[in-house]
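Please keep the structure open while reading.

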Amino acid sequence: IADTLPFWPSFRWPLDSEVLSTSKRIAIMLGNVVVTVATEFISCVWLEVMIFGSAAIMYLALFGKQEDNKYVKEGHGDAVVKPARSSHNNAHAASTDNDSALMPLATALHNGKIEDACSVLVQLPGMKLKAVLNETAPRLLAVAAASPDLAAAASLIRDLLKNMEPKMLEVAVEVAVLEAHKRKDVYLCYQLDGVAGLLLLPRSQVTLTTLANSYLGDIKALRKLVHAADFPFTKAFATAALRACAASNSELVMEILERVEPMDKDALAAYAGHLCLTSQSQPQMKTGAAVDSRIRECARKRDLPGAVAAFGSIPLQSGRTGAQLFASIVIACADCGNWNLAKQYLLRARHHRVFLDPPITTVLVKSLMAAGETSFAEQMLQDASTLGLPVCASCYHILLLPYVVAGNRRAAWCLVAKMHNANVEPTLFTCSILLKMTTTRAHAADLLRIMELVKAIRAPVDNILLSSITDACMKTARLDLLMDFVDFRESLHKAADKTEVSLADEPLEIPLYGSLIKAFGQAGEMKRVWRLWEEMQAKGVTATEVTLGCMIESLVANSQAESAWKLVQEIWQDEDRRHLVNTVIYATLMKGFPKQPVKVEELYREMKERAIQGNIVLYNTMLNIIVRCRMMHRMPSILDDMRSAMPQVEPDLVTYSTLIKGFCAWGQLDHALGLLEEIQVSCKFRPDEMMYNSLLDGCAREHRLSDALRLVDEMRNNRVRPSNYTLNMLVKLLGRCKKLGKAFSVVDQLSAEFGFRPSIQVYTCLIQACFQNRQPAKAMSLLDRIFEHGLCPDQKTYVALVRGHLQMGLLDTAVELVHLACQGEQPAAVDSQCLGDVLARLGERSKAAAAMKTLVEEAWRRQRATCRQVSRQAVRPQPESKMKARVRSGRDNGSGHQRAESQVFSAAEAPKLQEAKHCKRTSSSESRASTWSSGIASSCSTAAS
């Protein structure tokens, strides 16, 4: 720029030091200084004017077309129309109306889609294309430079840029580079320089100067820029280039000084020397280790400018040192929250072929997750190949764990699919994380997919993962998958090299033995249970109380109570293992003898002889067995033992429920109601549904309708949620008492108030009540209501309908109902006794009887075929005790058939329910009083007498 000034040569004359006097020499020197200062000032001002002018031209070209649309103004009913415009204005308006057609171009450029932008530009006519290119060329170049494939993007815009004049192309490149430098986007400056080189675009002095300022410390790129610049260099460009390399590369400094104007060489050489002296006076960080330490220190202080300055203080390093420096500066950017700058450094490292280590990706993902940028982290992993980032499974694990904890199963599996797409294979740790989201039976499908992943990895499974798999299989009730996996694990170890150390030869952990024994016991695989127990003994694994408890529970649950008792005796004979036998073991043993009260008393005496202190679970188990075996005379002695125990064993709600159930079963409803009243007065416990159901059962046995309705009102007032079993007993009682209307109203009110749907068993009881009250039409209307509510009548429903109509003398309707029950692929049909009643009415030797017998037998055959098909497709049946199934059905108001039997416990099953309830109410039991109510013992004595 200084060379173009007309007055500059006038100050350049040869000096003869011998002729000039001292004063003249001083004047000449002052004049030269003034001219130099003025030239520098004018150069800076001229650069700013050029930048401002370019920005003003772009602004006016894009937003300067404003029109006055106010042609009509309001008056007193008259309109004043603006005069018609000239033809030039009409043409300008036509071009403005076509601007809406350029909206796709603006959208494509905004979204960075170079292909869409080029397709829109190609469709424009010649003059319109030239005008649009003059306005959008800088943005088009920036989008092309940001494209991952630079060569492909350059080829797309090559033909379009031929429609522009060289001067406009130069301005477009200049504006694009200035905008990138203003945003401190160094990588985009690199890419714009590459696009200009590929397309042979002219670069102004402003462009070259801006690029030199952007290449601070990058000697390779700066050397390339110096070689591409026209000779001779302007003073502004040479100054920027020297500033970028004077402190680090003397050879490039000499090369720059050789290419400047002779008149500027001395000043620039002095400037280069000044830069070298300044850099030497500052503390130098000569090694990459020192720079890396400085960057890390700045990152800890959240000083991002200091970290960037330290990174740029030395030339770019290659190899391991360069990778470490880039990793440190990227981590510093991530810690300071500047993700865009981190991305620029990653792209810069990829551009210079500096390969980073996998831990850098893990650190970046952790930083993004800590900042809540989950979507950004996923996008970074998806673009890892573009950014030059190495990705491993641990990077995905950081993203996977929050999804699993939040229960977002769909997002978790989508992330696993992205791992496969990125050629990152899941590991056993991936499967361990996924197992955390299998917590209920509804997640059985997820467990199946996880097991397939584990088998596909074909790596030795350690004890931790095996324990997680065991817990997941038990929670999802897919113990068949556990047994298959154990077999697969054993086959995998057998196929392994015998010279290697195999996990199969190592003993499992003690908790894992207990979990496996419990799981195999629930699955009914007693051979596996005994094999695990023998393996523990053979490998010298010392059992714990929990492990022994799991073993005894498995034996009792599979009807091997005698073997469990023998095992307890064997353990007791061993002095070192005698401490394992406790009250929980004896409580479990007692559950194995539900119909042998003598054996239970023997176990109780044995426990007392061995000075084993009983707990509330043990006493509740004994009370339940006594109630089921109708040995109420033994109840006072057990209550006395509870009172005399040290420490004293306080009764809980399960104890009271067992006593009330015993009184109701023995026909002592008044004692049961008195005990309920005593509980309510003491305010120790809140009666639950099971207690009210026992009382309602007693009311139904003795046909005491008023007491039953009073109990129902108490349930509603105390907000005790009834169940379908409650409705069953109420309907039976109201039907027997000829209160059919009340039965319907009670069912409708309770189901609506507590928000549950009556089960098919409730409707069956209503049908029986209809026939007891000689209302067959209402019974048939109930059948229609069943179908309307989406329920399927079962065999008991059809049997009740058929027998009711037979009792009413309606043979034709009964026959039609039998035909209806035998329809469909899965018919409900009727039982053999009901069929015999119908055939007897029709006549054993009649054609109708023969046809009906054939129809019902065919329905039975389809039933058996359906059952066999379902049994082949279903999961291996769990030999879980009926008690647990009934407990679950008792908590589900819409469970159907199980609810009707939820109170019919065997002597072995009820203690398990009581133990479960005891565990549930432990927190409420801690605040109970330490004194007994004397009424319990007196009531038991009265009932026994």
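Salt bridges

Arg 643 is partly exposed, at 31% relative accessibility (partly exposed lies between buried, under 20% relative accessible area, and exposed, over 50%, with a 1.4 Å probe and protein chains only). The model is predicted, so local features need pLDDT of at least 70 and side-chain atom pairs count only at pLDDT 80 or more, while totals for chains, interfaces and linings use all residues. Residues are numbered from 1 along each chain as its sequence is written, and side-chain values use heavy atoms, with hydrogens and water left out.

Arg 643 forms a salt bridge with Asp 640, with 2.0 Å between the closest N and O atoms (a salt bridge is a side-chain nitrogen of Lys or Arg within 4 Å of a carboxyl oxygen of Asp or Glu). Both residues belong to helix α34 (residues 635-644), three residues apart, about one turn of the helix; helices are DSSP runs of H or I, at least four residues, numbered from the N terminus. Asp 640 is partly exposed as well, at 33%.

Across the whole structure, the search finds 27 salt bridges. Another of them joins Asp 487 and Arg 528, at 3.0 Å from N to O. Asp 487 lies in helix α26 (residues 479-495) and Arg 528 in helix α28 (residues 526-538), so this pair ties together parts 41 residues apart in sequence. Arg 528 is buried, at 13%, whereas Asp 487 is partly exposed, at 34%.

Glu 702 and Arg 704 also pair, at 3.2 Å from N to O.

Technical notes. Helix = DSSP H or I, 4+ residues; strand = E, 2+ residues; numbered from the N terminus.
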